[in-house]
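Subject: Structure for you to look at

Hi,

Here is the structure I promised to send over. Please open it up and keep it beside you while you read.

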Amino acid sequence: MSVGQVLLIALLAVPAVGAVLVAALPKRRDRVARAVGVGFTAVAFLLSLLLYAPANIGWFAYSGTGRPAIMPWHEVNLPWAPGLDLHFHLGVDGISYPLVLLTTLLTLLCCAYTLWRVPDGGPGRLLVALLLVIEVGILGTFLALDLVLFFVFFEVVLLPMYAVIAVWGGAQRRRAARKFVLYTLLGSVLLLVGVFTVVAAAGTSDLVALVRAPDAAVFALDGGIPRSTQVAAFILLALAFAVKSPLWPLHTWLPDAHTQAPTVGSVILAGVLLKMGTYGLIRVAVGVAPEGARFAAPVLGLLAVAAIIVGSLVCLAQTELKRLIAYSSVSHMGFVLLGIATLTATGIQAALIGNIAHGIITGLLFFLAGAIKDRTRTGLLAQLGGLRESMPRLAGLLGFAAIASLGLPGLAGFWGEAFAVVAAFQVGSPFWIALGVLAAIGGALTAAYFLRLLRRVTHGSPSPAVARAVPGLAGAEVATWSPLVLLTLVIGLVPVLVLGVTDDPVRSLLEAVP
Amino acid sequence: MTQSVDHVALLPAYLAAGTAVLVLLTDLLLARRSAVLLVTATGAVATTVGAAAAARSGPRQTFCVQDACSYLANGRAALVAALFALLTLGVLALSGPLLRTTQIPTGEFCFLLACSMTGGVVLGAAGDLITLIVALEALTLPLFALVGLRRSVASAEAALTFFVVSVVATAVTLLGAALLYAVTGAVHLRSLEAVFADGAGLLKVPLTAVAVALVVLGLAFKVAAVPFHVWAPTTYDGAPMPVAAYLSTASKLGGVVALLAVTEFSLPASVTGPVLAVLAVLTMTVGNLVALRQRRMVRLLAWSSVAQAGYIIAPLGAFMWGASRELPAVRTVVAAVLAYTVFYVVMEFAAFAAVVALRPPNADGGSIAAYRGAARRHPWIGAAFVLALVGLAGLPPGLAGLFAKVVVVRALLAGGAGWLAVVVALNAVIGLAYYLRIVAKLYAPMPAPDRAAEPVAAMTSPAHRQARVGWTVAAALAAATVVAIVIGFAPQLILDLVAV
């Protein structure tokens, strides 16, 4: 077994073992247990850093038809349940690696944050254990190169996240948690049907074998998946991922879940959980059913633009801080989905960097919103105000995150949104140009609602709630937020950090799309 | 005409029947509770071992006429026999505390249980319709008495409902079998297969379709498929809880095995397919929707088991589509039904075991409100219960249930029954809603005493709080949970077993 294979398995095994260990520690050792959990997430983060190995393959390896479009840097393939077409097939490549890194980083930061503050509702060590289980599920989803395995990991996340919201959440937590779990289960059962539609038609569940550039010789041999099946499969898969992403009009679980979830839950939810949907759309839906993708792309694009516009308009009318950020996620994910829907290299690249940027920035925004809510005990914009006066540093960070989120050039949020629009224009037909124009208008609305947010929260004279609050930032807060601030800047200035690794796999993926 | 009888093939049946006789004698001669229990448990273990031993010697058959046999001791028969014996053992373990209260006569209880086990063991090997129906009745008849053993009004009502419905169901099946004989002149499953394969004209006779439908519908009573399900909630709720556990696992297994036996090859799929597809859709949808509104634990589990029966027979409904009638697809479908049943039986048994463990020995399931915070007081039982419920809902960490769902959806899509797969998938979402309701209740914090609802107060008062769980119950729960975890991580074990 090579080093890479050991790394892949360890990346899943370390958080899994950590979760069991943390949960098993006795009640009176709660703080120790949380520290142990942070240790495990730190190890997982280091392991994910070590996975980086794009030098293994030159980009020319991708060229040529009939070759698999997925060329993993590391790969491990073990049988699990052949009777179910289930193989323990993991691998990492340029499309999944940035997301893997984002997952391990955000989980580390969330667990570290929990070391400092445990939300009310339950013991902190269980929260850390659940975060570790969620990490296993998300990493497994990003690493899986087997369709059935992908589905299994996709489902692993559901109940732990339900528990995080239902136990440590706000006043309406039960309802929000139930809504979250039922909605997303709806998505994942459709995924199950979609996965086996593909497996039944193709006779294999191996993503590497399924995703390949059309090659006359190969396709004549194995037949490929017929077009009608591809369309059906794509619709099922796209619906599944649209619930998760979420795509308007399937997004209604998201605002409730975000508003009620504890800070760390929101960060994980917005930061990486939603990305399972967009990643699945790129890797699985577009990958295995390219003809179906081509067929459904206009609808997807239209819904994505609707999500951008509707999300922005709702944000303009929001009165609650976390709810506003949640709806802004709907709008931002709309840009990501628009990028995917264009089915161009620019668009998918934009989607991938938009994914990462949204994960970092919205993660930061939810941390800040949580901090404000903890200090002032309210999230209502009407009761906030004058944050700049009493808590200048918090207000400054909020301003930074909001401006990054609205897509200021030079910060991370810019690339995904700008190039999603550019990609829509590149497609060229009047329909896509219209979508591009509408998306650009949505971008302007994004600026409007974030500026409104800043005006309401940071400017003016301090409201009673703000004046009461304790100013100053705790060391733990600075420590958990600074990596996100730094990454926002770095990715904004050097986007090639992400785009460099995603470039080749995206191009080879698109060779398969007619 | 003399027949040679293959006694090795009959070994599990001998052992099961011998257990029943021995239990009766032990109760008569020794009249000691522990001795009776020991004999029953030993008999169940012996039957399991016997079934495994018989299976190792390869497929056998006996009681044969020219071209067909009435008793087919193949791998599947051994699997079914072993499952019945193990479930009997498990139910016996769950009954430990109940029998200690001496409200129920131990000898009768064990004898009836062993009789029922015998029916189940023979059922798996039945090669003709008569053996099949007789075995199914041998499985069911003792259960009427078992349900009514507790001598309460609810118990009597449950027993009577069960009796009436079951007798009607048997009559329907018998009528179907008789009509089938009138049309085809065959009772052996294999002969029926040959008759239908030769005479395509037979299917044009309306009587054939009626006969086939009657057989299938009569058997649908046994798995509590909608619209023949109304007996299940009343019966489960009125029966002593270990008996309810047996009804929802072993008895349902019996119905599934019988349905499989007649639909796999014998009866024309063009008739059974549509009937079963409609039944499956109705069963899972109605079961899940009604379960949403249940307030009593056992009734909720009963309705959920109705819904589960829908998932179990769904793959058989795929026979509607021509693509699934070729041999490999039939194999997939049959394996899926059996695999789902095995996964289901393990998790359902674990769920009932947890309920038994959480309740006082002679109590019924009680209302769901009475379980508030139960998992906080009994963390291990609570965890096992949650694992079983989540498994029934088909989600990780209940991996066994997840793979059960995967098996069914895979078989449906392999058989070309895409929309049925979508119906199953959507039902899984409804199912999660009520399973989660129990889970949330189990972990809900106790309300302040002054605002406590009446049943909650009754449950938590010291008189009702159980000191400790009987070791047999704990062992059964632990065993079922361990099995569920193992087959969750290694589903191939079950898939290999059902493929034989």
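Below is what I found in it, topic by topic.

First, some ground rules: this is a predicted model, where local features need pLDDT of at least 70, side-chain atom pairs count only at pLDDT 80 or more, and totals for chains, interfaces and linings use all residues. Residues are numbered from 1 along each chain as its sequence is written, while chains are lettered from A and ligands numbered from 1 in the order in which they are written.

**The core**

Let's start with the largest nonpolar core, which has 428 residues. A nonpolar core here means a set of buried Ala, Val, Leu, Ile, Met, Phe, Trp, Tyr and Cys residues joined through C-beta atoms within 7 Å. Buried means 20 or more other C-beta atoms within 10 Å of a residue's own, exposed means 12 or fewer, and partly exposed is in between, with C-beta atoms placed from the backbone. The members that touch the most others are B:A339, B:F343, B:V346, B:A350, B:A353, B:A354 and B:V424. Helix α13 of chain B (residues 327-358) gives the largest share of this core, 25 residues. Helices (H or I, at least four residues) and strands (E, at least two) are DSSP runs, numbered from the N terminus.

Take B:A350 as an example: leaving out residues up to four places away in sequence, its contacts include B:A384, B:L477 and B:A484. Two residues are in contact if their C-beta atoms, placed from the backbone, lie within 7 Å.

**Where the chains meet**

How many residues of chain B are in contact with chain A? There are 25 of them, and they meet 24 residues of chain A. On the chain B side, α16 (399-414), α17 (418-443) and α20 (492-498) each give two or more residues, and α17(B) has the largest share with 11. By class, this side has 22 nonpolar, two polar and one charged residues. For those classes, Ala, Val, Leu, Ile, Met, Phe, Trp, Tyr, Cys and Pro count as nonpolar, Asp, Glu, Lys and Arg as charged, and the others, Gly among them, as polar.

**Helices in chain A**

Next, have a look at α6 (residues 158-168) and α12 (residues 263-288) of chain A, whose axes come within 10 Å and cross at roughly 150°. Axes are lines fitted to C-alpha atoms, for helices over the stretch in contact, and angles run from 0 to 180 degrees between N-to-C directions. In this pair, A:M161, A:V164, A:I165 and A:W168 of α6(A) meet A:G265, A:L269 and A:L273 of α12(A). The residues of that contact are six nonpolar, one polar and no charged.

Helix α5 of chain A (residues 147-156) is mostly covered, with 10 of its 10 residues buried.

Most residues other than glycine have a negative phi, and most peptide bonds are trans. Where are the cis bonds? One joins B:V226 and B:P227, and another joins B:P396 and B:P397, with omega about 5°. B:P227 sits in the loop between α8 (206-222) and α9 of chain B.

Is A:D85 buried or exposed? Having 21 other C-beta atoms within 10 Å, A:D85 is buried. B:A31 also has a positive phi, near 55°, but B:A31 is exposed, with 11 other C-beta atoms within 10 Å.

Cheers
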